[in-house]
Amino acid sequence: MQAKKRYLVVSLGACLLLVAYLWGLQIGEFHHQNHHQHNRVAQSPGLSLPRQHWPEWTHPLNTYLEDGEQEEDSPLLHHQHTSPRERREIRNNIYKSRRCRMDTCFDFNRCQRGFKVYIYPLLKGEKVSESYQKILTAVEDSRFHTTDINEACLYVLGIDTLDRDQLSSQYIHNVKAKIQSLPMWNDGRNHLIFNLYSGTWPYYTEELGFDIGQAILAKASIDMDNFRPHFDVSIPLFSKDHSQKGGDKGYLTLKNVPPSRKYLLVFKGKRYLTGIGSETRNALYHIHNGEDIILLTTCKHGKDWEKHKDARCDRDNEEYSK
């Protein structure tokens, strides 16, 4: 019995010594920090020590990028075939204003006299593609268009930014310098930029080659991780042959909702065999029924597409060519 009491006393004593030791460390660290803070304040007369607060965490988990690169204002990039330098450039060009929303990056004061859209005139020697010209013409023919730059609420570039594939003949160079020279640019605020293609085959990225700043981005096939909700606009990918006006009479009537129509879904385009987007497009073939849902795709994309062709390519190419 005496031995048990001795062991108990020794154990309690050890615990108390451990607690005292840890408490001493905390006190020492506290005085050490206060000493450094006091010295910093003493070196700057007239400054008082700020009140310490617990940090307020808005996001419980941080995003860690590959290769130890962390960017608070950027999403995790999923382009496995780009180098760290290329990923860094993409973030600098595209994701710098990642948190833009209408209430933070759009000046509503410019819209007090109504919603008017101004199109910058073409720069000397500049040309635009047929597709971009259709967009500009649609704006010019609308009741929202204005030729008074000071009256406008929204600004549209006269520079063709639809095709940002550096291998394309329609790729416009030096866009960064050109947009920054615009009189109302103001880091892109109240500007609308259109884009259909970006990056280069086969590993398409969302690199536009210039900083969009606080401009609204209307883009086709935009990555959900890069889309800014209630700010950016997702637009369909349309060909240069798409008519600007006209077409058959619509099927919608006052007593017919939803409208009756022959086709529910129609798509005709390339079925990427490799690279970004290939898995998604290859997974949609089963919804094609040849009746109201029509998906016509071709594998003929790129110079070495035959190396990657699958069992469906020959049949898909034949139906696409009809």
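Two strands count as paired here if DSSP finds at least two bridges between them. With that in hand, let's look at this predicted model. Strand 2 (residues 154-156) and strand 4 (residues 191-195) run parallel to each other and are joined over two bridges. Within that pair, Tyr155 sits opposite His191 of strand 4.

Helix 4 (residues 130-140) packs on the sheet and touches strand 1, strand 2 and strand 4. The direction of helix 4 makes about 135° with that of strand 1.

Zoom out, and you'll find an open sheet of five strands, in the order 1-2-4-6-7, with parallel pairing.

## One side of helix 7

Now over to helix 7, which covers residues 313-321. Which of its residues are buried? They are Cys313, Asp316 and Asn317. These residues lie on the same side of helix 7, because they cover an arc of only 100° around the axis. The general rule is handy here: an α-helix has 3.6 residues a turn, so residues three or four places apart point the same way.

And what do the buried residues of helix 7 pack against? Their partner is strand 9 (293-298).

## How confident is the prediction?

The protein chain has an average pLDDT of 76, and 65% of the residues score at least 70. Over residues 29-80, though, the pLDDT is below 50. In the model, this stretch still has 46 contacts beyond near neighbours in sequence.

Note on methods: Residues numbered from 1 in each chain as written. Predicted model: local features only at pLDDT ≥ 70, side-chain atom pairs only at ≥ 80, totals over all residues. Heavy atoms only, no water. Helix = DSSP H or I, 4+ residues; strand = E, 2+ residues; numbered from the N terminus. Contact = heavy atoms within 4.5 Å. Axes fitted to C-alpha atoms, helices over the stretch in contact; angles between N-to-C directions. Buried < 20%, exposed > 50% of the residue type's maximum accessible area, 1.4 Å probe, protein only. Arc of directions from axis to C-beta. pLDDT = per-residue confidence, 0-100.
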